[in-house]
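These are my notebook entries on a single protein chain. I set down what I looked up, one topic at a time.

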Amino acid sequence: MTYLIKLHPEITIKSKSVRDHMIKRLRHNVRNVLRHYVEARVKGRFDSLEISLAESVDEAQRVAAEEALARIPGLHEVLAVDEFSFHSFDQVAEQVLPIWAPRIAGRSFRVRVKRRGRHDFSSSDLERYLGGQLLQAEPTARVDLSAADETLTLELKQNRLFVVSRRWRGLGGYPLGTQEHALALISGGFDSPVAAWRMMCRGARTHFLFFNLGGPAHEAGVREVVHHLWARYGISHRVFFTSVPFEPVVGEILRTVPDGLMGVVLKRMMLRVAGQLADKWQIPALVTGDAVAQVSSQSLTNLRVIDQVTDHLVLRPVITDNKQTIIDQARQIGTAPFAEVMPEYCGVISKRPNIRVNSEQILTAEADFDFSVLETAQQQSQSVRVDRLLEQSFLTIQPDQLLTLDTDGLRKMGGACGILDIRAPQDQAAEPLTDVGVPVKTLPFFQLQSRSAELDPDTTWLLYCDRGVMSRMQALHLLDQGLSRVGVFVRERTSV
């Protein structure tokens, strides 16, 4: 099988030296991607690539290769073609009529010929000839040059004839690796994976930085979405995933920073670490999933204050998008299923956020912050190649294996269990967990890892949070640490 790859138009208008560089890189990327699926030969042309699959390729491999081609940045359109030698108009008609005539029965059609080389006829001459032959072969068809049901295309390059049997759109953009490296801050929600994907589509070799606020279960989910992005859209290049343990940083923020400023300070702490790591790796740009006014910390004023902690260029590819636009694109690229089950950990910070902070307020708020906690978090960061992300299993227990009790179940357990309220301190104070019939211990989620040894191993601890998502993740974390008697408490809420 042979394919013609049309380059994204932004590539073809570049100067010759830039275009040659991009085509060379694209050819390299296509080879790197296809080797995971099939044996193929890739040639570069002025405005296209030509791909020939080995004769040994079976149907399943061909389908997988075609799907992969549609996900490579830099490709505008993929044409599946049948190749023949060109000798005459009559010979062309003999080749294409058996292919095209069944497609136009009872439908309108037009013929499009693209020609390169020296010939004693024009493209229009061959179009008119083939149109006439098709009308004779299929009298129920009709010609429509403006809005045809079927556009029948062939390309003639010197004496090589390519008859297009199928065509589909590519991803567009620039070939991966033609731009500089970028470091994407990724949380596993809807926004940051879409932002990272857009950078990949612009040719930036994008690495991933994750600030872990929810333990191994949180990281396991983010690793899956990052691996998905890389495997589908960036498999031609080797990139890295770095995880920074940020639960202690959140704890220090909750201890020292006023409520309304916590969200902005958290983002500043993340950018501080991201900038330092980017310096270490000589990466010029940071990428975030911020969108104007989507949450309180993403007002223009707050974003300006957040960016003051780094000299790096901070790119925000989804900055002006509506949430639904981002969600729709997440579904398109396949990251939405991960986001739909991923809790928004940053949402546990400020209850009454200030949407117009100033630098003086923030500097005062950060005055009592123990920055050694931030330094320790950076030192404990761990990096792994993205192609090896799923080799390490983070979870030995699956969520559906967790003990889950409601109030009735709690009464039946009696004194054999206790509740561990893992909400943030301000949530615990605003709505204390009372009248549940068993002892309640408050231990905020960001302290679980460091203080889990305080828990009585002979007590069945049922973790509680408002939505039940974080409690499940943290329960899995404790089980992995060796606490065998752990579950989740689900509190019924009365409707008003």
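Before looking at strand pairing, I noted the rule that two strands pair if DSSP finds at least two bridges between them. I also noted that the model is predicted.

**Entry 1: strand 10 and its partners**

I asked in which sense strand 10 and strand 11 pair. Strand 11 covers residues 240-245, and the two strands pair in the parallel sense over five bridges.

Next I looked at strand 9, residues 181-185, which pairs with strand 10 in the parallel sense over five bridges. Here Ala184 has Phe208 of strand 10 as its bridge partner. The chain goes from strand 9 through helix 6 (residues 191-201) to strand 10, and this β-α-β crossover is right-handed.

I also checked how well strand 10 is covered. It spans residues 205-212, and seven of its eight residues are buried.

**Entry 2: the nonpolar cores**

I looked up which residues have the most contacts inside the largest nonpolar core. They are Val30, Phe208 and Phe246, in a core of 122 residues. Helix 9 (residues 262-281) gives this core its largest share, 11 residues. A second core of 20 residues is separate, and among its members are Leu97, Val111, Val113 and Ala141. I wrote beside this that nonpolar side chains tend to be buried together in soluble globular proteins.

I then listed the surroundings of Phe208. Leaving out residues up to four places away in sequence, Phe208 touches several residues, including Leu183, Ala184, Ala196, Met200, Val226, Leu229, Phe241 and Val386.

I traced a sheet of eight strands and wrote down its order as 2-3-1-4-8-7-5-6. The sheet is open and its pairing is mixed. Strand 2 (40-44) and strand 6 (142-143) are the edge strands, and each pairs on one side only.

I went through some of the pairs in turn. Strand 7 (residues 150-157) and strand 8 (residues 160-169) run antiparallel and are joined by four bridges. In this pair, Lys157 has Arg160 of strand 8 as its bridge partner. Strand 5 and strand 7 run parallel, with eight bridges between them. Val111 stands opposite Leu152 in strand 7, and Val111 also belongs to the second core noted above.

Strand 5 (residues 108-116) also runs parallel to strand 6, through two bridges. There, Ser108 stands opposite Arg142. I recorded one more right-handed β-α-β unit here, made by strand 5, helix 5 (residues 123-137) and strand 6.

**Entry 3: Glu252**

Is Glu252 buried or exposed? I found that Glu252 counts as buried because its relative accessible area is 8%, and the limit for buried is under 20%. Glu252 is found in helix 8, residues 247-256. Its side chain makes a polar contact of 2.6 Å with the side chain of Arg255. Leaving aside neighbours within four places in sequence, Glu252 is in contact with Asp368, Phe369 and Asp370.

For Cys417, the nearest cysteine sulfur is that of Cys465, 17 Å away. Cys417 is buried, at 2% relative accessible area. Cys201 also counts as buried, with 8% relative accessibility.

**Entry 4: positive phi**

I noted that most residues other than glycine have a negative phi. I then looked up two residues with a positive value. Gln282 has a phi of about 60° although it is not a glycine. It is found in the loop between helix 9 and strand 12 (285-287). Gln282 is exposed, because its relative accessible area is 72% and the limit for exposed is over 50%.

Ala293 is likewise not a glycine, and its phi is positive at about 70°. Ala293 is found in the loop between strand 12 and helix 10 (300-307). At 60% relative accessibility, I recorded Ala293 as exposed.

Terms used
Residues are numbered from 1 along each chain as its sequence is written. This is a predicted model: local features need pLDDT of at least 70, side-chain atom pairs count only at pLDDT 80 or more; totals for chains, interfaces and linings use all residues. Side-chain values use heavy atoms; hydrogens and water are left out. Buried means under 20% relative accessible area, exposed over 50%, partly exposed in between (1.4 Å probe, protein chains only). A crossover is right-handed if, with the strands pointing away from the viewer, the path from the first strand over the helix to the second runs clockwise. A polar contact is a pair of N or O atoms within 3.5 Å; within protein, one must be able to donate a hydrogen and the other to accept it, and residues adjacent in sequence count only if both atoms are side-chain atoms. Contact means heavy atoms within 4.5 Å. A nonpolar core is a set of buried Ala, Val, Leu, Ile, Met, Phe, Trp, Tyr and Cys residues joined through side-chain atoms within 4.5 Å. A disulfide is a pair of cysteine sulfur atoms within 2.5 Å.
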